[in-house]
Amino acid sequence: MKKEIAGASLDVNEEGYLTDFAQWNREIGTELAKEEGIELTDDHWQVLTFLQESFNHSEPLSIRGIGKRGPVSIKQFYELFPEGPLKKASKIAGIPKPSSCI
Amino acid sequence: MSTNEKAAVKKMLLILSKATLDNVYACFILANGARMEGIEAEIFFTFFGLEAIQKKKMERLHVATVGNPAMHIPTMLGGLPGMEGLATSMMKKEMEKLDIPQVPEFLEILSASGAKLWACKLAMEMFHLEKGDLYDDLDGILTVGGFYDRAKGDGTHLMFI
């Protein structure tokens, strides 16, 4: 599927996740966040960068991992990306939907 | 509003009545998973389920090796001294590999995720427990009626574990 955003044409899956991280940039991230009703702050960007780095190192993402190794606490993570933080943040970060149950 | 939105799960109320490790984890993973999906989650700890939030007991919960056909060991062997401990430590090792936290840390994650944790008033009286015996970040002590009060609203589901 194709999606037009921030002047670019992106490849996305049926749930709206980018299928090619190389197509992502900060402007696209900002626009994707707006679609989720989120105005990105520095804290948001720190989390997004952490998720992207973890993804690039093929490290599985989990809520526990955010709390242990991430830049914010689990509580802050839920506050920054309300209602499904890991899914939402991954979508904005341009990485695949996490398959973790925890 | 589409039919799908009408039928969506919005809140999970889980009742934990047992303290075998497998039941406790099933309950915690369902509650945490709900929060990860943006679904509200609350747990009502009653009867033996209270052991999962007792400071003195929460780190020493066991897998049941007797009366558990899925263990695939003869019931008589399951009752031998040390069998429960062995099965439990094996299970904990496997869980750590999957990044599943132990009970005290899991409770902290649930609290931080916004899940609500309630102790059953009647069961506390039955086991002579005080608030101080329980996990510090508990959201409170409720009667059954008080718990049902929390079930108001569309898309609420109750589950007994």
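A salt bridge is a side-chain nitrogen of Lys or Arg within 4 Å of a carboxyl oxygen of Asp or Glu. With that in hand, welcome to the close-ups.

This is a predicted model, in which local features need pLDDT of at least 70, side-chain atom pairs count only at pLDDT 80 or more, and totals for chains, interfaces and linings use all residues. Residues are numbered from 1 along each chain as its sequence is written, chains are lettered from A and ligands numbered from 1 in the order in which they are written, and side-chain values use heavy atoms, with hydrogens and water left out.

**View 1. A salt bridge links A:Arg64 and B:Glu105.** The two side chains meet at 2.9 Å, N to O. Between chain A and chain B the count is four salt bridges.

**View 2. Chain A meets chain B.** Here 17 residues of chain A are in contact (heavy atoms within 4.5 Å) with 17 residues of chain B. About 1,300 Å² is buried between the two chains, and carbon and sulfur atoms give 55% of that area; buried area is the accessible area (1.4 Å probe) that two parts lose on being put together, summed over both. Look for A:Arg64, A:Tyr78 and A:Ile102, which supply 51% of the area that chain A buries against chain B, more than any other three residues.

**View 3. A:Ser58 sits in a loop of chain A.** This loop runs between helix H2 (42–56) and helix H3 (63–69); helices (H or I, at least four residues) and strands (E, at least two) are DSSP runs, numbered from the N terminus. A:Ser58 has a phi near 55°, a positive value in a residue other than glycine. Its relative accessibility is 65%, so A:Ser58 counts as exposed (buried means under 20% relative accessible area, exposed over 50%, partly exposed in between, with a 1.4 Å probe and protein chains only).

**View 4. B:Phe47 also has a positive phi, about 45°, although it is not a glycine.** Find B:Phe47 in the loop between strand S2 (40–45) and helix H3 (75–78) of chain B. With a relative accessible area of 42%, B:Phe47 is partly exposed.

**View 5. B:Leu138 is buried, at 9% relative accessibility.** Its loop lies between helix H6 (121–126) and strand S4 (140–142) of chain B. Leaving aside residues up to four places away in sequence, B:Leu138 touches B:Ile53, B:Leu117 and B:Ala119. The C-alpha atom of B:Leu138 is separated by 9.2 Å from that of B:Leu107, 31 residues apart along the chain.
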